[in-house]
Amino acid sequence: MAERVLMKGNEAIAEAAIRAGCRHYFGYPITPQTEIAAYMAKKMPKIGGVFLQAESEVASINMVYGAAATGCRVMTSSSSPGISLKAEGLSYIAGSDIPALVVNVQRGGPGLGGIQPSQSDYFQATKGGGHGDYRMIVLAPASVQEMASLTIKGFNLADKYLMTSMILADGTIGQMMEPISFEDAEIEVYEKPWALTGTEGKRKHNVVNSLYLQPDKLEAKNFERFERYKIVEENEPMWEEYMMEDAEYCVVAFGIASRVAKNAVVAARAEGIKVGLIRPITLWPFPTKALRAAADQVKSFISVELSMGQMIEDVKLATECKKPVTLCNRAGGMIPSPDQVLESIRNAAKGE
Amino acid sequence: MKTTQILLAGFGGQGVLFAGKFLAYKGLVQDKQVSWLPSYGPEMRGGTANCSVIISDTPVGSPIITNPDVLVAMNLPSLQKFVNDVVPGGVIVLDSTLIGAKVDREDVKVCYVPATQMAKDAGFATLANMILTGKVLKEAPCVDFADNKGTLEAFIPAKKAGLIDVNCKALQMGYDF
Amino acid sequence: MAVVFEKPKALTDAVLHYCPGCPHGIIHRLVAEAIDELGIEGKTIGVAPVGCAVMAYDYFACDMIEAAHGRAPAVATGIKRCRPDNIVFTYQGDGDLASIGMAETVHSAARNENITVIFVNNAIYGMTGGQMAPTSLPGQVTQTSPYGRDVKHCGWPIKVSEMLSTLEGPEYIARVAVNNVKNVKNAKKAIKKAFQNQIEGKGFSLVEVVSACPTNWGMTPQKALEWVESDMLPYYPIGVYKDRTAAKEAE
């Protein structure tokens, strides 16, 4: 095993990105993700890379768009209000079918909100955010180790499917330190014949573009893109199951909420309640099959979220509303305590 | 199978985060599972700061501590905020130079360490945090006290290596108090 | 048979969609001629804007990318920072560059980003059918200033070249026009210089091209060119506003 080091979640993302071959970072400061920019600012000049602090989030995502169009591995990072500003570029990148990595270390909203951890950008990440029909691969790390491994995975998936991978983290996972080891990262390399590199007079010009004024052509592009998304939905869902073998109740939680929920599951088991946890690691594609299968096994579901209840809609859709789903949540930067989750599990066990 | 949850709290600038980091590294080099979670945001700039450190033989679940086994308090507001959260049978280590109040709980062990005064007398006024940390390692032996030097070397940048010896001394003072 | 005049190689065979009498065709040609003469087509990457030139990616034969409204300099920055040996240019109108994209414009200039910016100022939003632009003249009638631009209500037009030339950053800022043969020839020189500067690594070069919009100004092409001379150029004087290299040499 590789050497274990202690690292902040945000720094783990930055280091992993560099190991994944990312040499271009464009961003704008915002709490609680600024360590990513600081790490890049320190490291990039020393390894022949580029760190550039843009004039705004809007500019930085458009720099990412330009850089991605050249075929480079490129990323930006921000936190909730900044991601709203980046929505424009996310839509253009999706409409141009080019790969990029975007990190959202979420904080409470809406509006300027607060700076404490949140998961209230679930809808924005998984359902759109920008305009038009498009999807992003949304990866939800629950540990510092996953901040790194999912960043590398995110770059690979982005290149493979020509779309944006978003790391949807939160202030807690971003700020906390845990031991982490960088195994030899598996860097997948994909041909990029579409990249803007200059024709060198040897080929017809490449055009990176999302404008199709003929509606039938635009429709065809959308259908083509969604065929690709179908493959992603088929092949790429990731999730973790914890104590699910004999579970009669199922907690569903991702990111930091899943860490709290695990404590509660252990405590509930000690009380004799047969409860398990399904932790979606990809929020899009959502692990629908796992949830659907669990719906035939358990009596009810509890969705634990740092929001007013967003993922719960996908839990209901995935389980086809076959079993009741209750919500256990805090919002605005507050985190549910293991006791609060335990109480929800007890209520579920009582059939409430 | 043991898990120790340590909450360190004080004013920004007292070295609460650093002390927490030391404990986390201590766990790391001794092959424990650890997590270190700081408070962050405007309160970091001169206000109160705290950090949660979990050292465990098994993977750490939630890194958030609601009921610490050990509370390190470096100012009165921090003590007042967290004193009732400490688990029965837990330990409170406080800086009695800065906190005049007594803890009126019977079910916890309270260590009154005049750390700020001790640090001043010893000639390293800024290391009250490490004196208190030494006491933590004595009262809640979640990791071996040995080889603090090795731990400090693991995360103190080379240009500040000169600080390692005094940190070790401060830890020892707290441990022996 | 001797060929005495032909289309620049840096333009494709696509039929331009511009209105009759629109100078965009001339400006496209000047850019393409500069690319041809400098022999850089194979390594040039162009950034098209949102506005009348939105489909410029079909017209230039080099690699092209379509930017969001106003973001061309940011997109160009991303490209150039990844591929510093390529030649990167943006082609933008007044709404794109001086209104919605002003932050990107100013900051790419301040960074002295080594790119070439072609800024077409025709004092109106053309693509959307003739609304007031950040460069519409005081009193100018447009769809959204039907009683004439009232500067007390909506402020004064922005003199981009003058403003950018106050910055330390940029290498070269010039304003040209394409309303007569002499001006067209000078415009060509400025555009070529703006590309040459990039080849030499000198940095941000912007050429503001004062142009016309006969359709949305409601004028014949001939009348529109006369209006450029009589109304536009007094407010937007032709000239080199910044040339760092020349200034250094003069010292």
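**Backbone geometry and chain contacts**

A:Pro32 sits in the loop that runs between strand E2 (24-27) and helix H2 (34-43) of chain A. In this predicted model, the peptide bond that joins A:Thr31 to A:Pro32 is cis, with omega at about 5°. Chain A has another cis bond to report, joining A:Trp284 and A:Pro285, and here omega is about 0°. A:Pro285 is likewise a loop residue, found between strand E13 (282-284) and helix H10 (288-295) of chain A.

On the phi side, A:Glu200 is not a glycine, yet its phi is positive, at about 55°. This glutamate belongs to the loop between strand E8 (177-180) and strand E9 (207-208) of chain A. B:Asp147 lies in the loop that links helix H4 (128-139) to helix H5 (148-155) of chain B. With 13 other C-beta atoms within 10 Å, B:Asp147 is partly exposed, so it falls in between the exposed limit of 12 or fewer and the buried limit of 20 or more.

Turning to the contacts between chains, chains A and B meet through 18 residues of chain A and 15 residues of chain B. On the chain B side, helix H1 (16-29) and strand E2 (33-38) are the elements that give two or more residues. E2(B) gives the most to this side, with 5 residues. Sorted by class, the side of chain B that touches chain A holds 10 nonpolar and 5 polar residues, and no charged ones.

Chain C touches chain A as well, with 29 residues of chain C in contact with 33 residues of chain A. Four pieces of chain C each give two or more residues to its side: strand E1 (44-48), strand E2 (63-66), helix H3 (72-82) and helix H5 (102-110). H3(C) gives the most here, with 8 residues. By class, the side of chain C that touches chain A comes out as 15 nonpolar, 6 polar and 8 charged residues. Chains A and C also share strand pairing: E9(A) and E2(C) run parallel, paired over 2 bridges. Within that pairing, A:Val207 stands opposite C:Met64 of E2(C).

Definitions and conventions:
Residues numbered from 1 in each chain as written. Chains lettered and ligands numbered in written order. Predicted model: local features only at pLDDT ≥ 70, side-chain atom pairs only at ≥ 80, totals over all residues. Contact = placed C-beta atoms within 7 Å. Nonpolar A, V, L, I, M, F, W, Y, C, P; charged D, E, K, R; others polar. Pairing = 2+ DSSP bridges.
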